[in-house]
Amino acid sequence: PYTNRNIGVWARPLANWLVSWPTGGVGVYDKLTYTPFTRMASLSSSIARLTLTVGSVGKHFYATGWRVGFLIGPEDLVACVRKAHTRVCFVSPSILQEAAAVGYEVAEKRGFWAQSIEQMAEKMKRFCEVWDELGIPYSVPDGGYFVVANMKKVKLPESYVYPAHISGRPRDFKLAWFLINELGIGAIPPSEFFTDSNAHIMEDWLRFAVCRTDERLELAKERLRGLKKYIEE
């Protein structure tokens, strides 16, 4: 299996860089995990020497629109990223950076991380009840506040009309468009995170966020029950 340790052992003799993203794409949030999680850089000093750990303030505090993050690693590796960063980001959200720094200072004292795990685990359980009702398979994430559901059984009307910027995209984009317009539910088409050659892997899946109030989650569940008439076994 591709565990962190196996990847580290493989990369070490090749002197490759390791970019560890514990708060993002793999769905494991190091401050919001429901199962034990080991940081790549903590495995050994030799692996730490090759590792850049990327963090996301937006993921930790459910404020993804902030686009504020951090980087931890050996000085020489961080220096390379710093040089590239000045060419990519010409404006820094200094006010949000200050707010994020204060947030990290007080979060531990106020028990924010433990509360987040408890609250999000409950919201995940609450929201996923609708998939059990509908018989739609879904993931049980190890962390974070996103869940992906497999919509293969949802039969989209053949005569349904999509705009040009959707009609040529994978099926998950059509599913997302359909849910927005017919059920009033917004979802993320995950094939957007894949290369064109691999987009088909996620064409039947949609990603949903549960970091909402319980009232909004119940409303979403009620609307999603509208999928019943489109489900074919």
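**F61 and the aromatic pairs**

I looked up F61 first: at 23% relative accessibility it counts as partly exposed, since buried means under 20% relative accessible area, exposed over 50%, and partly exposed in between (1.4 Å probe, protein chains only). The model is predicted, so I kept its limits in view: local features need pLDDT of at least 70, side-chain atom pairs count only at pLDDT 80 or more, and totals for chains, interfaces and linings use all residues. Residues are numbered from 1 along each chain as its sequence is written, and side-chain values use heavy atoms, with hydrogens and water left out.

I then listed ring pairs. Rings of Phe, Tyr and Trp (its six-membered ring) pair if their centres lie within 6.5 Å; planes under 30 degrees apart count as stacked, over 60 as edge-to-face and the rest as tilted. I got 15 aromatic pairs. In one of them, F61 and W113 have ring centres 5.3 Å apart and planes at 45°, so I logged the pair as tilted. F61 sits in the loop between α3 (57–60) and β3 (69–72), and W113 in helix α6 (residues 112–134), so the pair ties together parts 52 residues apart in sequence. Helices (H or I, at least four residues) and strands (E, at least two) are DSSP runs, numbered from the N terminus. W113 is buried, at 9% relative accessibility.

Next I took F127 and W131. Their pair is edge-to-face, 5.7 Å centre to centre with 90° between the planes. They are four residues apart in helix α6, so about one helical turn separates them. Both F127 and W131 are buried.

I also noted one aromatic cluster, formed by F61, Y62, F70, Y104, F112, W113, Y145 and F146.

**D76 and R49**

I checked D76 in helix α4 (residues 75–88). D76 is partly exposed, with a relative accessible area of 37%. A polar contact of 2.8 Å joins its side chain to that of R49. My rule for a polar contact was a pair of N or O atoms within 3.5 Å; within protein, one must be able to donate a hydrogen and the other to accept it, and residues adjacent in sequence count only if both atoms are side-chain atoms.

**Cysteines**

I searched the whole structure for disulfides (a pair of cysteine sulfur atoms within 2.5 Å). The search found zero. C128 is buried at 5% relative accessibility. C211 is partly exposed at 25%.
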